[in-house]
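Please read the following report alongside the sequence and the 3D structure, which are shown here.

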Amino acid sequence: MAKGKNTVAVVTELVKPVADQMGLTLWDVRFEKEGAGWYLRLFIDKEGGVTIDDCENYSRAVDKLIDEADPIDQSYYLEVCSP
């Protein structure tokens, strides 16, 4: 899979329905290189703001989906954050 926008588009398609089901808004998906590592960052929000539990639950829900689809060739760190 190509890096950058193609990866972001594929991951967005995978994880947005999960956000919708959980009552969350998927604000942004970024796949960025920082130093020697790659970071896949998913930014979520909801009415009243997200909690650490929201981030943890969403991370667990999408981690398996992303692993099964395997759209990213190299190793990376998954981060779920609020905007």
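## Aromatic cluster

In this predicted model, ring pairs link Phe31, Trp38 and Tyr76 into a cluster, where rings of Phe, Tyr and Trp (its six-membered ring) count as paired if their centres lie within 6.5 Å, and planes under 30 degrees apart are called stacked, over 60 edge-to-face and the rest tilted. The structure holds 3 aromatic pairs. The pair of Phe31 and Trp38 is stacked, because the ring centres are 4.7 Å apart and the planes stand at 20 degrees. The rings of Phe31 and Tyr76 have centres 6.4 Å apart and planes at 80 degrees, so this pair is edge-to-face. Since Phe31 lies in strand S1 and Tyr76 in the loop between H2 and S3, the latter pair ties together parts that are 45 residues apart in sequence.

Phe31 is buried, with a relative accessible area of 9%, and Trp38 is buried at 17% (buried means under 20% relative accessible area, exposed over 50%, partly exposed in between, with a 1.4 Å probe and protein chains only).

## Strands around S2

Strand S2 (residues 37-45) has 8 of its 9 residues buried; helices (H or I, at least four residues) and strands (E, at least two) are DSSP runs numbered from the N terminus. Strand S1 (residues 25-34) runs antiparallel to S2 and is joined to S2 by 9 bridges, pairing being defined by at least two DSSP bridges. S2 is also joined to strand S3 (residues 77-81), in parallel, by 5 bridges, with Tyr77 as the bridge partner of Tyr39.

## Basis of the values

Residues are numbered from 1 along each chain as its sequence is written, and side-chain values use heavy atoms, leaving out hydrogens and water. Local features need pLDDT of at least 70 and side-chain atom pairs count only at pLDDT 80 or more, while totals for chains, interfaces and linings use all residues.
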